[in-house]
Amino acid sequence: MPRVSQDHLDARRRQILDGSRSCFARFGYEGATVRRLEEATGLSRGAIFHHFKDKESLFLALAEDDATRMADVVAEQGLVQVMRNLLDATSEASPALGADWLGTRLEVSRRLRTDQEFRERWAQRSEQLTAATRARLLWQKEAGNLRDDVDVDVLTAYLELALEGLLSHLAMGLPAQHLRPVLDLVEESVRRHRTR
């Protein structure tokens, strides 16, 4: 039997993650049945669960993949840019974080609230975003761009709270068209104000 290359395995894993992302976003965790996952990925359950132990492991891998993508945006452009991408995702597909990402992130938030075991497993993975946000803020502080009267850990928590508030707002289906100036205010509130 011929060996399958690592590139092929990686591509198959990516296919599963991309297909399952849209399935979880559309149907939620409980509604993303194995049959629906098969349809969304175009693969059999055997192929899917060859790469992932079970549905929860698949969902966690997907959420972790999304958290990594989010952390990359934070490292390059800051957490407020992640929030801007979320707003873009409500009206059109954003290249960095699309509408399916928003659906998956909302499902993560719901499960964090309702599933203790998931919350414990997720805690190990969620530190990545906090670390990226904190590192970005420290970099901004060293560059003289960050206000220096508030501790970086407080600013990190503040921005994460703003993100969670935005997610709640979007999850409730409230209008989002007026939120860009709000995000501008959030971003401005962490910047250092230079006196002239």
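1. A salt bridge is taken here as a side-chain nitrogen of Lys or Arg within 4 Å of a carboxyl oxygen of Asp or Glu. By this rule the structure contains 18 salt bridges. The model is a predicted one, in which local features need pLDDT of at least 70 and side-chain atom pairs count only at pLDDT 80 or more, while totals for chains, interfaces and linings use all residues. Residues are numbered from 1 along each chain as its sequence is written, and side-chain values use heavy atoms, with hydrogens and water left out.

2. One of the salt bridges joins E56 to R111, with the closest N and O atoms 2.8 Å apart. E56 belongs to helix α4 (residues 55–77) and R111 to helix α6 (residues 99–114), so the pair ties together parts that are 55 residues apart in sequence. Helices are DSSP runs (H or I, at least four residues), numbered from the N terminus. E56 is buried at a relative accessible area of 12%, and R111 is buried at 3%. Buried means under 20% relative accessible area, exposed over 50%, and partly exposed in between (1.4 Å probe, protein chains only).

3. R84 takes part in a salt bridge with D184, where the closest N and O atoms are 2.7 Å apart. This pair links helix α9 (residues 180–190), which holds D184, with helix α5 (residues 79–91), which holds R84, across 100 residues. R84 is buried, with a relative accessible area of 13%, whereas D184 is partly exposed at 42%. R84 also forms a salt bridge with E187, at 3.1 Å between the closest N and O atoms. E187 lies in helix α9 and R84 in helix α5, so this pair ties together parts that are 103 residues apart in sequence. Elsewhere, salt bridges that share partners join R14, D18, R21, D65, D66 and R69 into one network.

4. How do the axes of helix α8 and α9 cross? The axes of α8 (residues 152–171) and α9 come within 11 Å and cross at roughly 175 degrees. This makes α8 roughly antiparallel to α9, a label for angles over 145 degrees. Axes are lines fitted to C-alpha atoms, for helices over the stretch in contact, and angles run from 0 to 180 degrees between N-to-C directions. L155, Y158, L159 and A162 in α8 meet V186, S189 and V190 in α9, contact meaning heavy atoms within 4.5 Å.

5. L146 is placed in the loop between α7 (116–142) and α8, and L146 is buried at 4% relative accessibility. Beyond its neighbours within four places in sequence, L146 is in contact with residues including L137, V152, L155 and V190. L146 and E188 are 42 residues apart in sequence, yet their C-alpha atoms are 9.5 Å apart in space.

6. The whole structure holds five aromatic pairs. Rings of Phe, Tyr and Trp (its six-membered ring) pair if their centres lie within 6.5 Å, and planes over 60 degrees apart count as edge-to-face. The rings of F24 and F59 are edge-to-face, with centres 4.9 Å apart and planes at 75 degrees. F24 in helix α1 (residues 6–31) and F59 in helix α4 are 35 residues apart, and both are buried. Y29 and F59 are likewise edge-to-face, at 5.5 Å centre to centre and 75 degrees between the planes. Y29 is buried at 11% relative accessibility, and F59 at 0%. F24, Y29, F59, F118 and W122 form one aromatic cluster.

Technical notes:
Helices (H or I, at least four residues) and strands (E, at least two) are DSSP runs, numbered from the N terminus. Angles under 35 degrees count as roughly parallel, over 145 as roughly antiparallel, 65 to 115 as roughly perpendicular and the rest as oblique. Rings of Phe, Tyr and Trp (its six-membered ring) pair if their centres lie within 6.5 Å; planes under 30 degrees apart count as stacked, over 60 as edge-to-face and the rest as tilted.
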